Amino acid sequence: MPSESDKWGWKHVSVFGGFDKGSGTKRWKCNHCNLRYNGSYSRVRAHLLGFTGVGVKSCPAIDRSLREAFQTLEEERVAQKKKRTSGSGKTGKRIQTSQPSVTCVWKTIAKEDVDDMVARFFYADGLNFDIVDSPYFLEMTKAIAAFGPGYEPPTAEKLSDLFLSKEKAKIEKAMTLVRESWPHTGCTILCVNQSCRTEGSYYINIFASSPRGLMFLKALDINDGDVMDMFVDGLSDAITEVEPTNVLQIISNLGHASESFEPLILSKFPHLFWSPCTSLSIRVLMEDIAKLDWIKPIVLCAKGIEECILTYQRSSLCVLIRESSDLLSTKFAPSYCIVERVFKLKQALLGAVVSEEWKQWKLTIQEDVLNVETAILGDNFWSRACLLLQFFEPFVRFLTTLHIEKSVMGDVFNWRVQALEAVKSKGVDNILLNQLESLIESKWDMLFSPLHASGYMLNPKYFGKGQSKDKTIMRGWKATLDRYESDSAARRVLREQLSSYWRLEGSFGEEDAVDCRDKMDPVAWWENFGFETPHLQTLAIKILSQVSSVPMHQEAWQDNEFLCQAVANRLGGERVEDLIFVRNNLRLHCQRKGNLSSSPSYRSQSSSPPSGDKTWETVHLHQMKGIVNIHNIL
C-alpha cells in the first residue's frame, strides 16, 4: 500500500501534527481556501476534486482547469496503484521503483531557478512581458504545477489542430445562451475597423452585441480587389450566421466608407437600420456647435494662448502645456478639449505672463503677444471659457456613460432634452439658444438613428414627456415603423398598440405597471406588463436592448492582422479564422470578468508608441471624468 506522502492531495493541504504512523485521520487545512477539516486522505481528495457526501465541502477556490488537472493526478495515482498490485501478484504489496517521488523532484528545483527558466523562455521567444498578467497564463502555470513532473506539452501540430478545434467547440458551447437570446432581444452587428490601416484598405472585426454579451463573429482583411463586394459579402455572411430576423441594426466606425456600403447592405436586408455611432455623433455635434459665431472666438482665443505658451516654453525651463496632450484629445471634440486644457492652467498662466522670464522672452521674438497677455490677465476670456465648459457639461457627462454592453437607446433622446434644459439654466441669450436648437435639429436625423426617438417613446421611465407632440420624435417613430415592418397592416397594429400604451389601457394602467416605470429595467418592464400588446412588446424589447456605440477599445484587436500574416501560410485560411475566433472571444471573456487590462495584447497595444493612437478607455474616458470633476467645482 502506498504511503500517505505518495498521495498528491497532501501537497495541497497543511497537516497539523504530521503523518501519524498507523493512523489515517489527521487535522488539515486546505492551502487554496483555508477551510479546516478532520479526516483521512479520502476527505482531502473529495475536497479537492469536488466530491460530495463524505462530510467536506468542495473547495470554492479551485477553478475548472485546476480541478481537471487534479483529476488527471488522481487517475495517475490509481493507475500506479493498479500497476504495483498487478506487478507483485499480491494485493496491497508495494513495488520498489527507481523513479524519485514527486516531493523529491520538486525539492531539487528552487523557485529562483524556475523563475530563471520562465524569464529565459520570454527572452528567447520575444514574448511580451505583460503575458505574465494574463489570467490564462496564470491558469496554465497552476495546472502544470498541479500535474507535477513528467508533464509533456502538446506538439505544435496538436495545438494548431486538435486543441484549437476543442477550444472553439468550448466557446461555441459557452455562447449557446447568447445565441438563444437573440430571437427575444435582437442584436446589433458592430463593424470595427482597424484605424492604422492605409486609405482604401480595411481590417474589420465583426461582433454581435446583445444584453447577454458581446460575441466576436469574424474578421475581414480587405486590402486589394473589389473592396465593396468583399465587405458586403463578408458582412452579409455574418448577418446570415446570426439570422437576419435576429438583427435590428448595424453600427460601424468606417467613416465615409459607410455611405458606400450602407445602400448595398440595406438592399439585401431592408428591415435593418444602419445606425451612426452615438459617441462619434455627439463629438461631431460638439465640434459643429464650437463653430457657432458666439462660441468660435472663445476656441480661437484658447488656441492662440496655447500656441503662444508652447512657443514660450521651448525656450524656457517652464513646462505648462505638454504638446502630446493635444494629440491625445484629437479624437474627442478637440475644440472643447483645448479650452478645457487652457482653463485648467489659469493660475499657472497668470503667473507666467508677469514673470521676468516672460518679459525677457518677449524681447527675443518678433510676434506681438499683447493679445495673448490681455486675454490671460483679463476676466473676459476666463468667464466665457467657464461658460463654455458649463455649456458642454451635459455632452461630456453623457459620453462618460456610454458603454458597449449597456443599452442607452431610450436615454439618448432624453439627453438631448436635458442638454437643452441645462443650457437654458445657464442664462444663455434666447437668440443664441435658438441658434443652438436649430443646429441640433438640422443635424439630428443625419447623426442619430431613428431608433433613439422610438426608444425615448417606448422607455417607460420617460412616459408622458409629450413625445406625441414632438415632430422629431414622431418622425423617428415613423421611420422606425417603415423600415422595421414592410406590411402596412402590421404597422397599423403597432400604431394602435402604441395608443393603448399612451392611454394606459389594460395592463399598462395597473398600479404595479405605473409604479414600476422608473424602478425596473425598461426591457423587464415590457416583459412583465406589455403582454396585452404583443407586437409592440416585441418591438420595444428589441429596441431597448440595443447598444448605440462601437467598442471604443478597438485597438485591442489590432494585432489580429499580424497574427494572420505570420501563420496563414502554415495553418491555412480556415485554421487562421478559427484561431482569431478563439483568441478574440477569449479576450471578451476576460473583459466580462473584469480582466481586460490583464490581456497582454490589450496592454501592449495601449502602451506601445508606434501606433501613436491611445485607446478610448485608457485616455479619453479618464480625461472626461477629470473634466466632469472640474465642472463640479466651477
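## Lys362 and its partner

Lys362 comes out as partly exposed, at 29% relative accessibility (buried means under 20% relative accessible area, exposed over 50%, and partly exposed in between, with a 1.4 Å probe and protein chains only). Lys362 pairs up with Glu373 in a salt bridge, with the closest N and O atoms 2.8 Å apart. Lys362 sits in helix 16 (residues 356-362) and Glu373 in helix 17 (residues 370-377), so the pair ties together parts that are 11 residues apart in sequence. Glu373 itself is buried, at 11% relative accessible area.

A salt bridge here is a side-chain nitrogen of Lys or Arg within 4 Å of a carboxyl oxygen of Asp or Glu. Helices are DSSP runs (H or I, at least four residues), as are strands (E, at least two), numbered from the N terminus.

## About the model

This is a predicted model, where local features need pLDDT of at least 70 and side-chain atom pairs pLDDT 80 or more, while totals for chains, interfaces and linings use all residues. Residues are numbered from 1 along each chain as its sequence is written, and side-chain values use heavy atoms, with hydrogens and water left out.

## Other salt bridges

In total, the structure holds 23 salt bridges. One of them joins Lys424 and Glu421 at 3.8 Å, N to O. Both residues lie in helix 19 (residues 409-425), 3 residues apart, or about one turn of the helix. Lys424 is partly exposed at 39%, and Glu421 is partly exposed at 42%.

Arg503 and Glu505 also meet in a salt bridge, at 3.9 Å from N to O. Arg503 is exposed at 59%, whereas Glu505 is partly exposed at 35%.
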